[in-house]
Amino acid sequence: MIFPDTDIPQEIRALRELKSMRRKEALGRRAGLPVQARIEGGLALAEAVDALDFPDGAIVSGFWPIRDEIDPRPLMDALRARGHALCLPAIVDGDLVFRRLTRETVLVPAGFGTAEPPADADVLVPDCMLVPLAAFDRRGGRIGYGRGYYDRAIAHIGTARGAPPATVGIAFSLQEVESVPEENHDRRLDRILTERGFVQLEGPERA
């Protein structure tokens with residue numbers, strides 16, 4: 001059931017307004033990056049492929065970049081070359097499923113200007129996830145695009161397997177914010193990778 005805003009406690013409304021403001025500010029900085037910097041940023045991600053140290057044979061979910069997101073595809077290709085099976089998210093009945101991605105996959109247009117494998121592609125459950133984001137902080141906090149798809153997917157996988165997938169947020173360094181306002185359903189990231197390398201996460205309270 002969706003409750004009207006008047007039923008949401010004031011502190012939650014204030015938290016969501018702050019989250020929206022920080023999302024908007026971070027996305028504004030990202031949008032201001034020149035095209036060359038975006039291209040170089042995506043290529044720089046691939047240089048960290050060995051440092052990711054994903055387990056041999058782990059299934060990895062990536063994402064198809066939209067608008068001015070950093071491009072994870074060079075990194076995904078490097079992971080493929082190291083023997084990892086890849087998958088991409090697709091929205092089915094309001095939730096994410098992850099469909100196998102191979103060099104032969106013919107992608108189809110999807111919502112929000114992205115692309116996804118077709119409905120007849122194999123569905124995989126990722127062991128490790130490259131996660132898009134709008135903003136992040138140094139506790140591993142993540143602000144997404146406001147629909148909660150990844151938070152729910154991570155929770156569902158964790159419940160089914162007894163342990164959540166390893167998560168790596170992928171972003172430009174200028175998407176960092178001082179702090180991410182968190183609600184109970186928000187899931188912190190295990191690591192964050194930018195064009196400058198891994199972000200040093202801090203704070204003993206990290207979940």
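A cavity, in the sense used here, is a set of grid points where a 1.4 Å probe fits but cannot get out, and its lining residues are those with an atom within 4 Å of such a point. In this predicted model, the count comes to one cavity of 30 Å³ or more, and the space inside the largest cavity is about 30 Å³. Its lining is made by Arg30, Phe63, Glu69, Ile70, Pro132, Leu133, Tyr145, Ile170, Ala171 and Gln175, a set that divides into seven nonpolar residues, one polar residue and two charged ones.

A pocket, unlike a cavity, is an open set of points, and the largest pocket of the model has a volume of about 950 Å³. It is lined by 38 residues, of which Tyr145, Gly146, Arg147, Gly148 and Tyr149 are the closest to its centre. Several elements contribute to the pocket lining, with at least two residues coming from each of helix H1 (10-31), strand S2 (86-92), strand S5 (115-116), strand S9 (142-143) and helix H5 (149-161). Helix H1 provides the largest share, namely five residues. By class, the pocket lining holds 19 nonpolar, seven polar and twelve charged residues.

Arg16 counts as partly exposed, because its relative accessibility is 38%, whereas Glu183, at 13%, is buried. The pair also belongs to a network of salt bridges that links Arg16, Lys19, Glu183 and Asp186.

Two further salt bridges can be followed in the structure. Glu182 pairs with Arg188, the closest N and O atoms being 2.7 Å apart; Glu182 is partly exposed, with a relative accessible area of 28%, while Arg188 is buried at 16%. Asp71 and Arg73 meet through their side chains at 2.9 Å, N to O, and Arg73 is partly exposed, with a relative accessible area of 32%.

The backbone deserves a look as well, since most residues other than glycine have a negative phi. Asp53 has a positive phi, near 55 degrees, and is placed in the loop between helix H3 (49-52) and strand S1 (60-61), where it counts as exposed at 63% relative accessibility. Arg67 likewise has a positive phi, near 45 degrees; this residue is found in the loop between S1 and helix H4 (73-81) and is exposed, with a relative accessible area of 62%.

Val35 lies in helix H2 (residues 35-46) and counts as exposed, because its relative accessibility of 55% is over the 50% cut-off. Elsewhere, Gly111 is found in the loop between strand S4 (108-109) and S5 and counts as partly exposed at 39% relative accessibility. Between Gly111 and Ala90 there are 9.0 Å in space, C-alpha to C-alpha, and the two are 21 residues apart in sequence.

How values were computed:
Residues are numbered from 1 along each chain as its sequence is written. This is a predicted model: local features need pLDDT of at least 70, side-chain atom pairs count only at pLDDT 80 or more; totals for chains, interfaces and linings use all residues. Side-chain values use heavy atoms; hydrogens and water are left out. On a 1 Å grid over the protein atoms alone, a cavity is a set of points where a 1.4 Å probe fits but cannot get out, and a pocket is an open set with protein on both sides within 12 Å along at least five of seven lines; lining residues have an atom within 4 Å of a point. Grid points are joined across faces, edges and corners, and a volume is the space filled by probe spheres set on the points. Ala, Val, Leu, Ile, Met, Phe, Trp, Tyr, Cys and Pro count as nonpolar, Asp, Glu, Lys and Arg as charged, and the others, Gly among them, as polar. Helices (H or I, at least four residues) and strands (E, at least two) are DSSP runs, numbered from the N terminus. Buried means under 20% relative accessible area, exposed over 50%, partly exposed in between (1.4 Å probe, protein chains only). A salt bridge is a side-chain nitrogen of Lys or Arg within 4 Å of a carboxyl oxygen of Asp or Glu.
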